[in-house]
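Subject: Structure handover

Dear colleague,

My notes on it follow below.

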Amino acid sequence: MNSDFEVAVIGGGIIGLTTAALLSERGIDTLLVERTRCGYAGATAHTGGICRTFEPNPALARMAQVVGLKPGETEVEAIMRRHETVTGALYRLPADGPPPSSDAPLRRLSAHEAQVLVGRPVTDSGAYYHEATAAVSDVHSTMNGLRTALRQRGCLIERCDVQRLMERNTHVEIHSQETLYRARWVINAAGAGSPALSLIDVSQVRTLPYFKFRGPSVPTLPCIDFVAGTYALPLSDTLLQSTTAIRPSLEEIEGDRRHLRLMVEDCRQRLRGLLGETDEYSLLSMDLATDLYTADGLPRLGAQYPGSRIWLATGLNGVGYKYAYPIASRLYDQIARLR
């Protein structure tokens with residue numbers, strides 16, 4: 001096998017796979033190396049796939065607008081849109097805060113209107129907004145489609161653990177336990193594994209908990225709560241997914257299992273802040289993914305230092321699925337200018 005490539009992407013989560021599929025579609029000789037199987041590890045494995053326009057963080061909102069390709073121009077974007085279902089989304093913001101400054105098509109609702117919309121009680125506190133065009137994606141179907149597209153045009157190596165990256169004058173060496181690959185540029189999209197491969201400033205690896213609850217009166221559409229810092233994602237008529245803001249490392253959890261109880265209690269408390277009484281919900285399962293978190297909440301995108309051949313596309317803090325295509329498009333635009 002030819003071990004020399006124009007671009008090598010490390011990490012087969014939604015960011016890495018979307019980027020590799022887009023680069024290969026646009027004629028760039030691309031290798032993707034994934035430690036397990038694309039989409040079956042890290043944050044992507046359990047993501048809800050919520051795609052929305054509204055983003056209260058202005059820096060993140062601007063990131064979605066910086067794209068090098070027009071919407072509808074690529075097969076990769078078509079694959080991602082193919083598996084989306086428009087559901088709409090309900091947002092709760094602080095009642096005493098300013099109205100959202102956004103280009104998103106939002107409609108202000110009363111608490112009663114919000115309750116009717118989601119089909120169950122919600123708390124009276126807070127300001128409610130509805131985005132009718134928000135969608136939920138079938139994540140695994142999307143990943144399988146992108147995986148197939150990449151295999152047709154590029155090179156995908158799964159179950160290969162990259163040990164280190166060594167930057168040379170004209171290329172980067174990608175060292176796994178058994179193989180050496182070379183590429184003119186490397187994109188580090190390894191998520192929780194990123195710090196082991198590149199210099200990532202002011203960051204830490206934390207757990208990304210996904211709790212599934214079973215019970216009656218599940219909201220009929222995704223509810224994202226910027227007051228309590230949680231969400232309620234309906235998975236079926238009786239099943240919803242949520243999370244907690246308590247995110248210890250896996251080592252801390254292994255050292256003291258009481259962390260798990262505190263995380264569940266915190267999740268329940270945050271859900272009550274949005275949905276009121278939720279005692280009817282029973283915990284069905286708990287999944288712990290890991291991701292790279294940054295202190296400012298913003299991803300690390302671009303060269304790891306000026307002139308470096310190693311670029312970063314990591315630290316998405318839980319919003320990677322939403323921004324996968326804009327990030328991939330921006331990376332393609334930058335690489336195309338360097339060719």
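A pocket, as the word is used here, is an open set of points on a 1 Å grid over the protein atoms alone, with protein on both sides within 12 Å along at least five of seven lines. Please keep in mind that this is a predicted model.

In that sense of the word, the second largest pocket holds about 690 Å³ of space. Its lining is made up of 33 residues, among which Arg52, Thr53, Ala64, Tyr323 and Pro326 are the closest to its centre. By class, the lining of this pocket comprises 19 nonpolar, 5 polar and 9 charged residues. At least two lining residues come from each of helix 2 (58–65), helix 3 (75–82) and helix 8 (320–338), and helix 8 contributes the most, with 6 residues.

The second largest pocket also takes at least three lining residues from each of domain 1 and domain 2. According to the domain assignment, domain 1 covers 4–83 + 138–200 + 295–337, while domain 2 covers 89–132 + 204–291. Their centres, taken over C-alpha atoms, are 28 Å apart, and 16 residues of domain 1 are in contact with 21 residues of domain 2. Between them the two domains bury about 1500 Å², of which 69% is on carbon and sulfur atoms.

One further residue may interest you: serine 3, in the segment before strand 1 (4–10), counts as buried because its relative accessibility is 17%, where buried means under 20%. Leaving aside residues up to four places away in sequence, serine 3 touches Leu180, Tyr181 and Arg182.

With best wishes

Conventions: Residues are numbered from 1 along each chain as its sequence is written. This is a predicted model: local features need pLDDT of at least 70, side-chain atom pairs count only at pLDDT 80 or more; totals for chains, interfaces and linings use all residues. Side-chain values use heavy atoms; hydrogens and water are left out. On a 1 Å grid over the protein atoms alone, a cavity is a set of points where a 1.4 Å probe fits but cannot get out, and a pocket is an open set with protein on both sides within 12 Å along at least five of seven lines; lining residues have an atom within 4 Å of a point. Grid points are joined across faces, edges and corners, and a volume is the space filled by probe spheres set on the points. Helices (H or I, at least four residues) and strands (E, at least two) are DSSP runs, numbered from the N terminus. Ala, Val, Leu, Ile, Met, Phe, Trp, Tyr, Cys and Pro count as nonpolar, Asp, Glu, Lys and Arg as charged, and the others, Gly among them, as polar. Domain bounds come from an automatic or database domain assignment. Buried means under 20% relative accessible area, exposed over 50%, partly exposed in between (1.4 Å probe, protein chains only). Contact means heavy atoms within 4.5 Å. Buried area is the accessible area (1.4 Å probe) that two parts lose on being put together, summed over both.
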